[in-house]
Every structure is written in C-alpha cells, then in structure tokens.
Amino acid sequence: MHDEHVDFLDVRFVDVPGREQHFTLPTRHLTPELLQAGIAFDGSSIKGFRGIDKSDMLLIPEPHTACLDPFAKHKTLMVTCHVVEPETGKPYLRDPRNIARRAQEHLISTGIADTAYFGPEVEFFVLDSVGYAVSPHASFFEVNATESWWTTGTQGNGYNLPRKGGYAPLPPADRYSDLRSDMVKHLESIGIPIELHHHEVASAGQMEIDMRFAPLLDAAEHVLKYKYVVKNTAFQAGKTATFMPKPFYGDNGSGMHCHQSLWKDGQPLFYDPEGYAELSDLAMSYAAGLLYHGPALTALTNPSVNSYRRLVPGYEAPVNLVISAGNRSAVVRIPAFYKGPQHARDKRIEFRAPDPSANPYLAFSAILLAGLDGIRQGMKPPPPMDKNVYSLSARESRRIKTLPRTLDEALDELESDHEFLLAGDVFSRDFLENWIDLKREESEAFRLQTTPKEFEMYYNI
C-alpha cells in the first residue's frame, strides 16, 4: 500500500442487496494506524444498514484482497473491507461479508468439514444498448442486441443466432468471443483464475465465464469482482452488460449455478465409489438439506421479482426439487463428467436454482447452512429423477415439490423456515427481519405498477 507508484487506495464493501460501494483515498494520507482503526462512513446511506440515529460505521480493509484496478485512470489499489461498529469494535451483524465469515467459522465448529468450496457459474448478457422508463402514464423497455434472432429483418447479416440457439457457436455468429477474452485477461490480472468462457444458450448476447472454485468467502468476493470486470470491460467496448436474471421473454435467463463440495484436512468428503453417482452419504444428506430448505433458500438465492421470470419450466432453470446425475432439469444435479477414484477431488453437487441478482455472501452462506442442516438431521433426498422433469405427465409433476413462483411466496417460505439460518449465529433474526422487510417493499413496488402487458390483455375488456 506504500508503493510510491500507487496513487490511490479504493476501499470497497457490499450493501445488503449485494451492490458494491467504494471510497477512494490518496495513498499519501494512508498510515498503518488509519487502516487498522478503520475508515469512517455514513451507514444510514447504505441500503439495509443503520438508521440516521446510529449512522457512524467503520471499514476495516483486508490486505490479502488487494489488487490493482484494471480500469482506473490512475494507478489504484482496490481492497475489500468488512464493516465494524465503532461503539463496540465488533463486526457488524448486517454486513454480508461478516455473515460469510461467520458461515466459514461455523462450518469448522461443527467438525464436519473445514472448507466449503464454491464454484459459481455466473451468466450475463452483453447488449448493444438499453432504454427504459417508468412513469404514472407510460412505461417501456427496449434493448438493442444485433446478434439476436429478432433483429434479422432490420440488422441481419446471415449470422444471427436463433432463439435458444446460442450455445457455443463459432464467430462470426459469436460476436463477443474477443470481448470475453478481454474480460478473462482482466479477471486473471486481479487474481481470479478462469477455466473457460463461451456463448450461452440465449441468442441475445448471453455469456458465461467460468471461475475456478474457491473457499466460500473467496468465491463470493470473486463474484463481485467478476461483475465489476464484466460491466467495465463491456462499457469500455461501447456495450452494456447486465446480470438481470430474465431480461427478455421467450429465451433463456441468466443463472448462477453453484457447484460445491466439503473438504476436511485436505481431503474431499463428497466421493464414494459405491454411492449414487459416486456421492457419499454425507453428500446426499447435504443435497437433501438443499432440497428440503429450497423454497426458503430462494428468498436469498433468487431475491428479485425478476428472478421468478426465469424460474419457469423449459428454460434450463429448474423448479422441481429433485436430485439427478447429469440432468439439467433437476434443482440439484451431480455433474457426470468425471468418474472414478482419480476424480474424487472433482466430486461435487450443483445447485442450479440461484441467479446473479443474489448477494453472493448471503446466498453461499445460506446454501451451506441448508446443506449442513441436512447432514445434522441425517436427511435423505427423494429418489433420483433421472429423466427430463419437464416431460413428466401432469399427475407425475404434482407429486414433486417445487420452488416458489414469486418473490412473495419465497419470502413466505423464509418466514416459516429460517431456523437453520440461525445456526452458529451466522444470520441473526434482526438481519432476516430486515431482509424480508426490504424485499416486501421491493415486491410491493411491482404490485402497484401497471405494465404494457396489461394493456394488451385488458384494455379492450
């Protein structure tokens, strides 16, 4: 931090919904004492934090997170912080990063494992432009995505992608391969290892860049840095990127599929050559916890009204609470790419419901607690569903428990099923009540707003 070539220190933290905030300090003013004591800020101006009567808060930088900002005009070191209450000097209970830190500590305290690895697959859209407006007398949105199927009449050049036909084509149909490579270069420059990138299924610029798995806290931090890099790389190229789960009707939405596994003393705990899809009993109980608490989890893993536009059958966004090997229509999937003891370290489960509107600190912590509760209670998942769940008959489908259909339903589930989140004081009742209030308010804003679709359906009633 005292490198004479670094001009600024950019301290970053995340609000309750999951948006990063920052303050920038000239490095000439920095001292070890200042960084240890903390950097003051107004907590009442941060979504979900304190009221104006107790607004003073402190940011404590975590030096191991520091890296050079690849987009800053002046050489800037960005560093992640956690939030502290100045009155007590203790970590702030509503700070999402502190919640994730407590989740890791709780895992160790259980004796079950010492590390929870998460490998999130974060999808997003790159668009040429976007416009929208909402007022009492008018509302609209319009996006310009020149590679999409709906532009063939006016902007087509023969390489437009068909609806749901965007998975892994070559350029020139994939117009953004070089842009994704730019994103990968930036991500690796700040210490985030990348495995691959590709175009995703939706035709209008849907992308995926796969990060290497990491311990829970690091993985959540990587997601936030990933969003920062994706948005700024697109912006520099004259494009715009969004992590909105379902920007358009009739094509796939963006998910954040979470691969995960538990380890202890450097050894994986999810592998058993005799188990279903080579999963251990412990892994099956962990998966059962995700399925049992799945409806409540969605209030944290799918926390926007728009999330439930994506969670519908037929779009690779599973809604049925079943487990299956290699089956992307199941909420819990066991990847079938690797088999045998030589791949024991790759054995994991994939929770496919979450989307990138989630605060990753909260989502990963809640997922871990659901899995641990499944282990603690010795839960067993329902029999594996090794066929396309979307092709089941109506009678078969009715027997399967499903995810909520709206944010309000998810919040109802969280209100009735949240004790598992209180284990180890990872989440507090105060935090959950505050979260539910924030999200009820968000949902209410949609309930009161008239949409263009209603004019189409009801104007001539």
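## The loop between α3 and α4

Ala168 is located in the loop that runs between helices α3 and α4. The model described in this report is predicted. Although Ala168 is not a glycine, its phi is positive, at about 60 degrees. The loop between α3 (152-155) and α4 (177-189) is also the place of Pro172. Pro172 is joined to Pro171 by a cis peptide bond, for which omega is about 10 degrees.

Most residues other than glycine have a negative phi, and most peptide bonds are trans.

## Packing of α6 and α7

Helix α6 covers residues 281-292 and helix α7 covers residues 294-301. The two helices pack at an angle of about 75 degrees, and their axes are 5 Å apart. Helix α6 is therefore roughly perpendicular to α7.

Which residues of α6 and α7 meet? From α6 come Leu290, Leu291 and Tyr292, while α7 provides Gly294, Pro295 and Leu297. Sorted by class, the contact of α6 with α7 consists of five nonpolar residues and one polar residue, with no charged residues.

## The second largest pocket

The second largest pocket holds about 800 Å³ of space. Its lining is made up of 40 residues, and those closest to the centre of the pocket are Glu121, Asp210, His259, Phe337 and Arg348. By class, the lining of this pocket comprises 17 charged, 13 nonpolar and ten polar residues.

Several strands take part in the lining of the second largest pocket. At least two residues come from each of β7 (115-127), β10 (194-199), β11 (206-211) and β14 (256-264). Strand β7 supplies the largest share of the lining, with six residues.

Empty space of another kind is considered next. Rolling a probe the size of a water molecule over the atoms shows where empty space is left. The structure contains two cavities of 30 Å³ or more. The largest cavity has a volume of about 50 Å³. The residues that line the largest cavity are Pro335, Phe337, Tyr338, His343, Asp346, Lys347 and Arg348. Of these lining residues, three are nonpolar, one is polar and three are charged. Phe337 and Arg348 belong to the lining of the largest cavity and are also among the residues closest to the centre of the second largest pocket.

The second largest cavity contains about 30 Å³ of space. Arg12, Glu20, Met78, Val79, Thr80 and Lys225 form its lining. Which strand gives the most to the lining of the second largest cavity? Strand β6 (residues 76-84) does, with three residues. The lining of the second largest cavity divides by class into three charged, two nonpolar and one polar.

## A salt bridge across the sequence

Across the whole structure, a search finds 22 salt bridges.

Note on methods:
Residues are numbered from 1 along each chain as its sequence is written. This is a predicted model: local features need pLDDT of at least 70, side-chain atom pairs count only at pLDDT 80 or more; totals for chains, interfaces and linings use all residues. Side-chain values use heavy atoms; hydrogens and water are left out. Axes are lines fitted to C-alpha atoms, for helices over the stretch in contact, and angles run from 0 to 180 degrees between N-to-C directions. Helices (H or I, at least four residues) and strands (E, at least two) are DSSP runs, numbered from the N terminus. Angles under 35 degrees count as roughly parallel, over 145 as roughly antiparallel, 65 to 115 as roughly perpendicular and the rest as oblique. Contact means heavy atoms within 4.5 Å. Ala, Val, Leu, Ile, Met, Phe, Trp, Tyr, Cys and Pro count as nonpolar, Asp, Glu, Lys and Arg as charged, and the others, Gly among them, as polar. On a 1 Å grid over the protein atoms alone, a cavity is a set of points where a 1.4 Å probe fits but cannot get out, and a pocket is an open set with protein on both sides within 12 Å along at least five of seven lines; lining residues have an atom within 4 Å of a point. Grid points are joined across faces, edges and corners, and a volume is the space filled by probe spheres set on the points. A salt bridge is a side-chain nitrogen of Lys or Arg within 4 Å of a carboxyl oxygen of Asp or Glu.
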